[in-house]
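Thanks for coming, everyone. Please bring up the structure on your screens, and we will walk through it together.

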Amino acid sequence: MSVNLTAEKREVRPRSLRKQLRHEGKALGVVYGYKVESTPIAFEEKELLKIVRENGENVLISLKLDGKNINVLINRRDMDVFTPTVDHVEFIAVKMDEETEVEADVVLVGEAAGAKVGGFLSQTLFKVTVAATPDKLPENVEVDVTNLEIGDSISVADLPEQKDFRIVTEGDIQVAAVVESTLEQDLEEIEEAEAQAEAGEDNEVEATETSSEETAEENEDNK
């Protein structure tokens, strides 16, 4: 399933045209790829932001350009550093019966058994590369961590096979693990360090007082 976005060709010169288009609420971009020569385009910025917000970055878009519909994916989206506006977007035209590789977010689901008894669930991988036809690309990959006990981990190779896509990321890469909580140990180390610091201050004060007393006695003897 795809969503629709209408675009129009644009000139790249003079530079003032870009400012004019942005002033009109348009975002700038380029489309290229399968049976499409590199073409500078402009489109409604708010429409693209709505599409991404509702469907994610891996959504298949039917781009209407010059009366034709082109199946495209967002290859790159550059945002302004200071404002939530789109600087430039690269759309890549795709062939619908060929696999495409994209990155998908890793989402942990469930409460790990080990976390219920004091362990700590640590996520070590946040994105995986997946391959699928453009209409089957997932926005995220869910990983069930319910059965993980303390000391257990799950790697890419442990993830179940999917009907619509396959994971390309190397199988030996760890996704998540449940480890022993170090909170108590950290607190003990902090308390020990504070105790040592206080002891050091007390010794320093005592040494200073002793030195002062000795100096006073010497001055008294010299009188």
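**A walk through the model**

Let's start with one residue. S62 is found in strand β4, residues 61-65. Strands here are DSSP runs of E, at least two residues long, numbered from the N terminus.

A word on the source. This is a predicted model, so local features need pLDDT of at least 70, side-chain atom pairs count only at pLDDT 80 or more, and totals for chains, interfaces and linings use all residues. Residues are numbered from 1 along each chain as its sequence is written, and side-chain values use heavy atoms, with hydrogens and water left out.

Back to S62. Is S62 buried or exposed? S62 counts as buried, because its relative accessibility is 10%. Buried means under 20% relative accessible area, exposed means over 50%, and partly exposed lies in between, with a 1.4 Å probe and protein chains only. Leaving out residues up to four places away in sequence, S62 touches S2, V3, N4, L5, N69 and I70. Contact means heavy atoms within 4.5 Å.

Now a sheet. 4 strands form an open sheet, in the order β10-β7-β9-β12, with mixed pairing. β10 (140-144) and β12 (166-167) stand at the edges with a single partner strand each, so one side of each has no neighbour in the sheet. Two strands pair if DSSP finds at least two bridges between them. β7, residues 100-109, runs parallel to β10, and 5 bridges join them. One example: D105 has N140 in β10 as its bridge partner.

Next, the cores. A nonpolar core is a set of buried Ala, Val, Leu, Ile, Met, Phe, Trp, Tyr and Cys residues, joined through side-chain atoms within 4.5 Å. The largest has 23 residues; V128, V141 and V175 are among those with the most contacts inside it. β7, β9 (127-132), β10 and β13 (174-180) each supply at least two residues of this core. Apart from it lies another core, of 22 residues, including I70 and F91.

What does V175 touch? Beyond its neighbours within four places in sequence, its contacts include V106, L108, V143 and I154.

Last, the largest pocket. A pocket is an open set of points on a 1 Å grid over the protein atoms alone, where a 1.4 Å probe fits, with protein on both sides within 12 Å along at least five of seven lines; lining residues have an atom within 4 Å of a point. 22 residues line this pocket, and N58, I74, N75, V102 and E103 lie nearest its centre. β7 gives the most to the lining, with 6 residues.
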